[in-house]
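Subject: Handover of a structure, with notes

Dear colleague,

Please find below the structure that I am handing over to you.

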Amino acid sequence: MITYWQMIPNGLLPLNSFEKNCIVNVTDPTPSELGILKSTLKIPDDFLADILDVDERSRMEIEDDMLLMIYRIPYQNQSNGLPFSTIPLGLVLAKENLVIICHRNNEVLDDFFSRSGKGITIENKIDLILHLFLRTTMFYHRYLKQINNQTAMIEQDLEKSTRNKELHRLLKMEKCLVYFTTSLRSNEMMMIKLKNSKWIRDYEFSSDLLEEAAIENRQAIEMAKIYSDIQSGMMDAFASVISNNLNIVMKSLTIITIILMIPTLIASFYGMNVPNRLEGSRNAFWFILGGSVLLSTIGALLIRRKKWM
């Protein structure tokens, strides 16, 4: 889907069609829309292919007086096995327009353009890009907190678990943090390269906004690193907890088997087809049953006295 926006001092204004110096937002493009990007907006084919590659790292390059950037943004999707991941966002800055391209619909762009005109001061296209960077880091923070909350819930389940299901869930959270950390670090390198670029010096932009985006990005890196370190230690600890819980279950089953073995052994003796001095007694059954219960009780008391249960 392609939408067009006009930049105004207090935000963005939606347009019905393409105009000069407008902002072009492209999400989940169709083949025909990709053709428009190639023919009308003159975006290089190889750059579009890089944007469609989910593993493409953040980078910046200049080609034919156009600034081409790839910036990784957080992505929430429960259907692909991982609740959180990152995807590449393409930014093409030319003298006449700015094109924002992402191969999937995402909350970052939806939120950014839905908040357009709500007090965001935009003086030029570089400031718009920096506002987008800043909004992206806020979503990183939000998703990191959600990962931490989900980890706490998994931790509660792990305390009583004897299965590997919860560990697999925790491993998914760890993979999400790895993706976040890798993407945030590549974004940091890209922002440093953008700040030191000679090409960007021709534009007047807010250096404070760039510094704020860089600070928020570094804070997100630290959060992801802390959560990842905690989860790594937690996985090792809870792997031992699951093993210990399983040993406790096996211990309880073994004790129950030992106690039940006593009456089984007595019944086996008196079930043999040999004289046992009780074959003529009318109360033989009750004698055997009482003896079995008595010996089983003594065995249970001895086990409890030894603190085996």
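The notes below cover confidence, strands, helices, aromatic pairs and loops.

This is a predicted model, in which local features need pLDDT of at least 70 and side-chain atom pairs count only at pLDDT 80 or more, while totals for chains, interfaces and linings use all residues. Residues are numbered from 1 along each chain as its sequence is written, and side-chain values use heavy atoms, with hydrogens and water left out.

Confidence

The average pLDDT of the chain (the predictor's confidence in each residue, from 0 to 100) is 80. A score of at least 70 is reached by 87% of the residues. Helices (H or I, at least four residues) and strands (E, at least two) are DSSP runs, numbered from the N terminus. Among these elements, strand S6 (residues 84-93) has the highest mean pLDDT, 89, and helix H7 (residues 284-305) has the lowest, 78.

Strands

Two strands are taken to pair if DSSP finds at least two bridges between them. Strand S7 (98-102) pairs with S3 (23-27) in the parallel sense over 5 bridges, and Asn25 stands opposite Ile100 of S7. S7 also pairs with S6, here in the antiparallel sense and again over 5 bridges; Gly90 has Ile101 of S7 as its bridge partner. The hairpin that joins S6 to S7 runs through 4 residues.

For accessibility, buried means under 20% relative accessible area, exposed over 50%, and partly exposed in between (1.4 Å probe, protein chains only). In S7, 5 of its 5 residues are buried. Leu98, Ile100 and Cys102 lie on one side of the strand and Val99 and Ile101 on the other, so both faces are covered, given that buried means under 20%.

Elsewhere, strands S4 (residues 59-63) and S5 (residues 66-76) run antiparallel and are joined by 5 bridges. The partner of Met60 in S5 is Met69. This hairpin has 2 residues between its strands, and Asp64 takes a positive phi near 55° there.

Helix H1

Helix H1 (residues 31-39) has Glu33, Leu34 and Leu37 as its buried residues. Seen down the helix axis, they fall within an arc of 105° (the arc of the directions from the axis to the C-beta atoms), and they therefore line one face of H1. The face turned away from that buried side carries the exposed residues Pro31 and Ser32. Strand S1 (2-8), S3, helix H2 (45-52) and S7 are included in what covers the buried residues.

Thr137 lies in helix H4 (residues 125-158) and is buried, at 0% relative accessibility. Apart from neighbours within four places in sequence, Thr137 is in contact (heavy atoms within 4.5 Å) with Tyr71, Ala213, Glu216 and Asn217.

The structure holds 6 aromatic pairs. Rings of Phe, Tyr and Trp (its six-membered ring) pair if their centres lie within 6.5 Å; planes under 30 degrees apart count as stacked, over 60 as edge-to-face and the rest as tilted. One of the pairs is that of Phe84 and Tyr143, which is tilted, at 5.2 Å centre to centre and 40° between the planes. Because Phe84 lies in S6 and Tyr143 in H4, this pair ties together parts that are 59 residues apart in sequence. Phe84 is buried at 0% relative accessibility, and Tyr143 is buried at 1%.

The ring centres of Tyr140 and Phe180 are 5.2 Å apart and their planes lie at 85°, so this pair is edge-to-face. Tyr140 in H4 and Phe180 in helix H5 (residues 165-195) are 40 residues apart, and the pair links distant parts of the chain. Tyr140 is buried at 0% relative accessibility, as is Phe180 at 0%. Trp5, Phe112 and Phe113 form one aromatic cluster.

Loops with positive phi

Most residues other than glycine have a negative phi. Asn21, in the loop between strand S2 (11-15) and S3, has a positive phi near 65° and is partly exposed at 39% relative accessibility. Asp28, in the loop between S3 and H1, has a positive phi near 45° and is partly exposed, with a relative accessible area of 40%.

Yours sincerely
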